[in-house]
Amino acid sequence: GSSTGFKTNTSVTNVASVVSYEWNFNDGSPKSSLSDPVHTYNVTGNFTVTLTIVNTSGCKNSVSHLVGILPQPVALFSSSSSCIGSETQFVDQSSTTNASPIVSWQWDFGESSVTNDSSNSKNPLWTYKKSGTYQVKLTVASLSGCRNSVMLPAQVFGNPTANFTYS
């Protein structure tokens, strides 16, 4: 689902006099009594969100806004297996289900002993110094600001040892 934060507008609302908040997210979920809730929508669409407050005098007021929940992008990539010291090619295969294109990529190549094992390129190259299976994380964001991540393994093989004798 998509988490959306809601904040009481303190430049308009005298929060010191508010004794109760009721947020109706209009998606069939339970209402919230928090002043600034975070709500997770399980489906996309337009929802009329209503905030109702009651003040210390017992007076009540409500305001409603239409909130559009867009689909998250689908984060996906492929990588080529490589050997120690050779470049591993990562290819972004992410997609969106609406007209909002993917505009940013954040890669973490999974090398815990390296602090700069990251890239913001769409299809980066990375050279591993040790063999093993690395958990690579890609986070993408669409133009509409929606984000999603995926973590997949990348395999790096050890180099063979070349040796010969002669007579």
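I take buried as under 20% relative accessible area, exposed as over 50%, and partly exposed as in between, with a 1.4 Å probe and protein chains only. I looked up Asn 26 under this rule: at 46% relative accessibility, Asn 26 counts as partly exposed.

**Ground rules.** The model is predicted, so I note that local features need pLDDT of at least 70 and side-chain atom pairs pLDDT 80 or more, while totals for chains, interfaces and linings use all residues. Residues are numbered from 1 along each chain as its sequence is written, and side-chain values use heavy atoms, without hydrogens and water.

**Asn 26.** I found Asn 26 in the loop between strand 2 (18-24) and strand 3 (38-41). Strands here are DSSP runs of E with at least two residues, numbered from the N terminus. The phi of Asn 26 is near 60 degrees, a positive value in a residue other than glycine.

**First sheet.** I noted that strands of a sheet pair through backbone hydrogen bonds, either parallel or antiparallel. Two strands count as paired if DSSP finds at least two bridges between them. Three strands form an open sheet in the order 6-8-11, with antiparallel pairing. Strand 6 (77-79) and strand 11 (125-127) are the edge strands, each pairing on one side only. On average, neighbouring strands of this sheet are turned by 25 degrees against each other, direction ignored. For such angles, axes are lines fitted to C-alpha atoms, and angles run from 0 to 180 degrees between N-to-C directions. I then looked at strand 6 and strand 8 (residues 87-92), which are joined by three bridges. Ser 79 has Phe 90 in strand 8 as its bridge partner.

I traced an open sheet of five strands in the order 7-13-12-9-10, and its pairing is mixed. Strand 7 (82-83) and strand 10 (118-119) each have a single partner strand, so one side of each is left without a neighbour in the sheet. Strand 12 (residues 132-142) and strand 13 (residues 147-157) run antiparallel and are joined by ten bridges. Val 136 stands opposite Leu 152 in strand 13.

**A hairpin.** Strand 4 (residues 45-55) and strand 5 (residues 60-69) also run antiparallel, with ten bridges between them. Leu 51 stands opposite Val 63 in strand 5. The hairpin has four residues between the strands, and Gly 58 takes a positive phi near 85 degrees there.

**Aromatic rings.** Rings of Phe, Tyr and Trp (its six-membered ring) pair if their centres lie within 6.5 Å; planes under 30 degrees apart are stacked, over 60 edge-to-face, and the rest tilted. I found eleven aromatic pairs listed for the structure. Phe 6 and Trp 23 form a tilted pair, 5.6 Å centre to centre with 45 degrees between the planes. These two are 17 residues apart, with Phe 6 in the loop between strand 1 (2-5) and strand 2, and Trp 23 in strand 2. Phe 6 and Trp 23 are both buried. Trp 107 and Phe 109 form a stacked pair, 6.3 Å centre to centre with 15 degrees between the planes. Trp 107 and Phe 109 are buried as well. One aromatic cluster includes Trp 107, Phe 109, Phe 77 and Phe 90.

**Gly 110.** I located Gly 110 in the loop between strand 9 (102-108) and strand 10. At 27% relative accessibility, Gly 110 counts as partly exposed. Leaving aside neighbours within four places in sequence, Gly 110 is in contact (heavy atoms within 4.5 Å) with Asp 117, Tyr 134 and Gln 135. Gly 110 and Ala 154 lie 44 residues apart in sequence and 8.9 Å apart in space, C-alpha to C-alpha.
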